[in-house]
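Q: I would like to go through this model with you, piece by piece. Could you take my questions as they come?

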Amino acid sequence: MQREPEPAPGAGGRTGPPGDAGPAGATGPRKTGPARGAGPADASALAGGGASPDDAPDAGGVPVGGPLAAALDFGGTKIAGALVDGAGRIVVRARRPTPAREDAETVMGAVASVLAELTASSLWGRVDAVGIGSAGPVDAAAGTVSPVNVPAWRGFPLAGRVRALAGGLPVALVGDGVAMTAAEHWRGAARGYDDALCLVVSTGVGGGLVLGGRPHPGPTGNAGHIGHISVDLDGDPCPCGGRGCVERIASGPNIARRALAAGWRPGPDGDATAAGVAVAARAGDPAAREAYDRAGRALAAGIAAAATLLEVRIAVVGGGVAGAGDVLFGPLRRALRQYATLSFTEPLEVVPATTGTDAGLLGAAAAARGLVGRP
């Protein structure tokens with residue numbers, strides 16, 4: 001479904017970008033934001049130094065200056081850091097592998113190393129806030145994280161430790177699903193939508209919500225975690241303790257598991273991941289196609305449930321599994337038409353994410369900028 005035409009800036013029913021105050025009492029389509037054509041941030045334009053951000057034009061051709069946000073994207077395999085300007089450009093980058101199986105202080109040492117590289121930048125003096133997007137669960141209110149794939153961190157006070165290393169600057173912590181959602185709402189495919197669901201479909205399935213024009217983290221920062229909605233009452237047990245969860249069907253490892261169990265075998269390259277299954281599905285392998293069809297149906301059921309409860313207008317799907325393209329989106333969209341049948345859910349559209357691998361950093365920067373609701 002195509003997006004509805006947007007009125008020109010200043011037209012009735014239109015409000016400003018996320019974080020801006022719209023006109024009081026504005027009515028009209030529940031979509032807001034800048035005119036179409038202002039696409040996602042050029043997140044790599046100034047990566048690795050080079051030209052000063054003061055010399056770089058923003059989307060409107062105006063030189064970018066002013067404060068920067070420091071952003072940290074913490075996951076089970078890598079820790080990324082960046083300085084991000086007000087237009088969503090990444091002007092400095094740092095990255096380290098995550099020592100996920102080491103003790104708590106070794107993991108924190110890797111975070112400190114990334115932050116030290118950022119603080120050593122000549123631009124650090126312009127940083128006025130820090131945002132963290134972390135694998136979860138997180139407790140954003142308490143500032144703690146308990147990433148499932150980092151066993152040494154359980155209730156780890158990441159926000160406080162980062163605040164101390166950053167000289168006492170304000171720190172905002174969000175889960176990685178909320179970070180991706182904030183990135184897509186600020187600079188990506190959900191830009192201009194007041195009510196949206198964003199999903200990360202990868203090793204797991206996570207997500208986040210935009211409600212009333214702002215990313216909505218919920219009381220602990222985990223709202224929108226669609227991966228653990230049950231869509232099969234008699235389905236397989238999930239490591240979360242539930243049964244038949246979206247993640248147990250639609251995550252990359254579970255797509256591969258189902259295809260292998262149905263007789264699919266990797267090709268000459270030996271790729272036994274969901275990416276290998278996608279190649280086989282595209283070539284017509286029936287077991288591979290069925291695994292993706294089932295994943296698409298599971299995602300559609302979860303998305304339709306969210307749309308029925310919350311009247312989201314768009315679902316943005318990112319993560320490595322989304323790279324399968326029509327192999328995933330085809331069955332997802334077909335199934336959605338079967339599940340989202342009420343009149344107020346029929347306009348729902350499903351689109352790929354556009355912020356890519358920088359979603360975590362841009363979302364963390366958005367949180368630092370106050371573009372995410374408080375838990």
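Q: How many residues lie between β8 and β9 in their hairpin?
A: Three residues lie between β8 and β9 in that hairpin. Helices (H or I, at least four residues) and strands (E, at least two) are DSSP runs, numbered from the N terminus. The model is predicted: local features need pLDDT of at least 70, side-chain atom pairs count only at pLDDT 80 or more, and totals for chains, interfaces and linings use all residues. Residues are numbered from 1 along each chain as its sequence is written, and side-chain values use heavy atoms, with hydrogens and water left out.

Q: In which sense do β8 and β9 pair, and over how many bridges?
A: They pair in the antiparallel sense, over six bridges; two strands pair if DSSP finds at least two bridges between them. Leucine 197 has leucine 209 of β9 as its bridge partner.

Q: And what about β9 and β10?
A: Strand β10 (residues 214-216) runs antiparallel to β9, and three bridges join them. Leucine 209 has histidine 216 of β10 as its bridge partner. β9 and β10 also form a hairpin with two residues between them, and glycine 212 in the turn has a positive phi of about 60 degrees.

Q: How many residues of β9 are buried?
A: Six of its seven residues are buried, and β9 is mostly covered. Buried means under 20% relative accessible area, exposed over 50%, and partly exposed in between (1.4 Å probe, protein chains only).

Q: Let us turn to β4. Why is it largely enclosed by the rest of the structure?
A: Strand β4 (residues 127-134) has seven of its eight residues buried, so it is largely enclosed by the rest of the structure.

Q: Which strands pair with β4?
A: β1 pairs with β4 in the parallel sense over seven bridges, and strand β7 (residues 171-175) pairs with β4 in the parallel sense over five bridges. Serine 134 of β4 is the bridge partner of phenylalanine 74. Serine 134 also has glycine 175 of β7 as a bridge partner.

Q: What about the nonpolar core with the most residues: how many does the largest one have?
A: The largest nonpolar core has 43 residues, and those with the most contacts inside it are Leu199, Tyr292, Leu299 and Ile303. Such a core is a set of buried Ala, Val, Leu, Ile, Met, Phe, Trp, Tyr and Cys residues joined through side-chain atoms within 4.5 Å. Elements that each supply at least two residues of this core include β8 (196-201), β9, α6, α7 and α8 (326-339). α7 gives the most to this core, with 11 residues.

Q: What does tyrosine 292 touch?
A: Leaving aside its neighbours within four places in sequence, tyrosine 292 is in contact with residues including Ile255, Ala278, Val321, Leu328 and Pro331. Contact means heavy atoms within 4.5 Å.

Q: What does a second, separate core include?
A: That core has 34 residues, including Leu83, Val107, Leu169 and Val171.

Q: Is leucine 115 buried or exposed?
A: Leucine 115 is buried, with a relative accessible area of 1%. Leucine 115 is found in helix α1 (residues 104-119). Leaving aside its neighbours within four places in sequence, leucine 115 is in contact with Trp124, Val162, Leu165 and Ala166. The C-alpha atoms of leucine 115 and valine 162 are separated by 8.2 Å, although the two are 47 residues apart along the chain.

Q: On to α5: which of its residues are buried?
A: In helix α5 (residues 252-261), Gly252, Asn254, Ile255, Ala256 and Ala259 are buried. What covers the buried residues of α5 includes α4 (246-250), α6 (274-282) and α7 (286-310). Just after α5, glycine 263 takes a positive phi of about 110 degrees.

Q: How much space lies in the largest pocket?
A: About 1500 Å³ lies in the largest pocket. On a 1 Å grid over the protein atoms alone, a pocket is an open set of points where a 1.4 Å probe fits, with protein on both sides within 12 Å along at least five of seven lines; lining residues have an atom within 4 Å of a point. Grid points are joined across faces, edges and corners, and a volume is the space filled by probe spheres set on the points.

Q: Which residues are closest to the centre of that pocket?
A: Of the 48 residues that line the largest pocket, Ala135, Asp176, Val200, Ser202 and Gly204 are the closest to its centre. α3 gives the most to the lining, with six residues.
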